[in-house]
Amino acid sequence: MRSLAEINEKIIQKKATVLTVDEVKAQVVELGVTEVAKKVDVITTGTFEPMESSGAIINLGHTDPPIKIRRAWLDGVPVYSGFGAVDLYLGASCTVETKDGEEARSRKATPKILRGGGHVIEDLVAGKAVHLRAEGQVTDCYPRATFETTISRETINQFYLFNPRNLYQNFIVGVNGGDRTLFTYLGPLQPRLGNAVYSNPGAISPLLNDPDLQLVGIGTRIFLGGGIGYVSWEGTQHFPLQKRLPNRTPIGPAATLALIGDAKQMDPRWIRGCYFKNYGPSMMLGVGIPYPVLNEEVVARCAVQDKEVVAPIVDFSIPRRVRPTFGLVSYAQLKSGRITIEGKSVRSAPLASMFLSRQVAIELKQWIEAGTFTLTEPVSPIPMERSFLPQDRWTEF
């Protein structure tokens with residue numbers, strides 16, 4: 001129907017027709033795939049959910065005299081310093097260390113310690129000052145042994161997110177069939193099936209609208225944390241061989257992406273540190289992907305509804321890598337606030353913000369309509385026919 005170059009030319013001229021994926025789903029119900037495909041040039045998707053496999057690369061610039069940093073902390077959060085002399089990596093899920101150097105045990109955490117790398121990244125994105133303490137390896141070319149100062153995004157050289165695993169293509173629903181509350185990466189799970197928690201926003205989630213990643217690849221330009229980012233590689237735990245429904249959506253955790261973007265250009269509205277009680281810190285992150293409407297198939301994939309996408313209900317009370325499940329449940333059922341497990345009505349709630357997920361798609365739509373965001377052709381596809389993790393290591397759903 002149209003090429004990416006034609007779509008970009010319309011974007012530059014501010015003549016492109018852009019709809020969010022919510023708007024497309026509604027219009028397909030009313031008008032059908034063919035009519036929607038004729039008039040729409042770009043479809044925007046978004047999510048705002050916890051993405052703990054995220055982090056930031058920071059280059060401090062050299063001190064005088066120079067230091068070769070081998071241990072460092074930002075606001076008490078340890079950072080990895082095994083790169084060049086003043087290159088650091090701050091992980092979103094790193095926890096504040098206590099004075100004796102041990103990581104704070106979350107079960108005994110004080111309010112001051114309910115912080116982690118995600119909170120520090122949020123502060124730096126917001127332009128706040130962050131305390132740096134560093135210890136160096138003394139050499140002839142790096143004679144300084146220690147360094148202490150405050151830094152901000154304005155005083156450091158580079159500050160960019162480099163996230164090894166974001167945008168899970170579907171995920172699980174956590175429940176607890178045991179007799180005590182469990183504190184997990186999905187938050188507290190109440191005993192005896194007291195609640196069910198899911199993290200994926202369902203049919204509006206970016207990768208569920210391009211299930212075979214035909215439009216997303218290395219080099220795809222995206223909305224990342226309120227700034228411009230790119231897909232840099234497949235994500236860790238990328239598992240495209242997950243079982244799939246006839247509509248090609250996976251029935252559990254599947255594809256993932258590694259993302260990168262300049263954090264100096266990001267907005268703290270879309271990057272927020274968070275803390276899961278008795279589990280640890282993480283980071284809420286807004287990510288949006290635009291899909292060029294090259295043909296009707298693009299619209300057909302984006303027309304998928306919550307009732308047509310499912311996730312597995314996993315029992316966290318069994319402390320094993322492979323846990324039993326209570327079968328599959330649709331996102332329409334999950335979003336109703338109640339699901340049924342073995343005849344019992346169980347309340348359900350998301351970790352993702354549905355409102356802010358939709359706002360990501362809306363903001364990306366506005367960027368494209370204003371002509372400030374054009375689309376990119378991937379330089380290489382994300383592999384979908386192989387997996388680096390043997391399938392027998394994953395829960396069978």
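The next request picks the part, and one connected answer follows. Which strands make up the open sheet with the order S5-S4-S7-S8, and what lies across them?

A: First, the ground rules. This is a predicted model, in which local features need pLDDT of at least 70 and side-chain atom pairs count only at pLDDT 80 or more, while totals for chains, interfaces and linings use all residues. Residues are numbered from 1 along each chain as its sequence is written, and side-chain values use heavy atoms, without hydrogens or water.

Now the sheet. Four strands form an open sheet in the order S5-S4-S7-S8, and the pairing is antiparallel. Strands here are DSSP runs (E, at least two residues), as are helices (H or I, at least four), and both are numbered from the N terminus. Two strands count as paired if DSSP finds at least two bridges between them. S5 and strand S8 (146–151) are the edges, so named because each pairs on one side only. From one strand to the next, the twist averages 25°. Such angles run from 0 to 180 degrees between N-to-C directions, with axes fitted to C-alpha atoms, for helices over the stretch in contact.

Take S4 (residues 69–74) next. Five bridges pair S4 with S7 (residues 130–136) in the antiparallel sense. Alanine 72 has alanine 134 in S7 as its bridge partner. S4 also meets S5 (residues 77–79), again antiparallel, over three bridges. Here tryptophan 73 stands opposite proline 78. The S4–S5 hairpin has two residues between the strands, and aspartate 75 takes a positive phi near 50° there.

Helix H4 (residues 117–125) lies across S4, S5, S7 and S8. H4 runs at about 115° to S7.

Aspartate 75 returns in a charged group. Asp75, Arg115, Asp123 and Lys128 are linked in a network of salt bridges. A salt bridge is a side-chain nitrogen of Lys or Arg within 4 Å of a carboxyl oxygen of Asp or Glu. By that rule the count is 16.

Three further pairs are worth a look. The side chains of glutamate 363 and arginine 269 meet at 3.8 Å, N to O. Glutamate 363 is in helix H7 and arginine 269 is in the loop between strand S17 (257–262) and strand S18 (271–276), so the pair ties together parts 94 residues apart in sequence. Glutamate 363 is buried at 17% relative accessibility. Arginine 269 is partly exposed at 34%. Buried means under 20% relative accessible area, exposed over 50%, partly exposed in between (1.4 Å probe, protein chains only).

Arginine 301 and glutamate 297 form a salt bridge with their closest N and O atoms 2.9 Å apart. Both lie in helix H5 (residues 296–302), four residues apart, about one turn of the helix. Arginine 301 is buried at 12%, whereas glutamate 297 is partly exposed at 42%.

Aspartate 306 and lysine 335 form a salt bridge at 3.0 Å, N to O. This pair links distant parts of the chain, 29 residues apart: aspartate 306 sits in the loop between H5 and strand S20 (310–315), lysine 335 in helix H6 (residues 331–335). Aspartate 306 is buried at 18%. Lysine 335 is partly exposed at 29%.

Notes:
Contact = heavy atoms within 4.5 Å.
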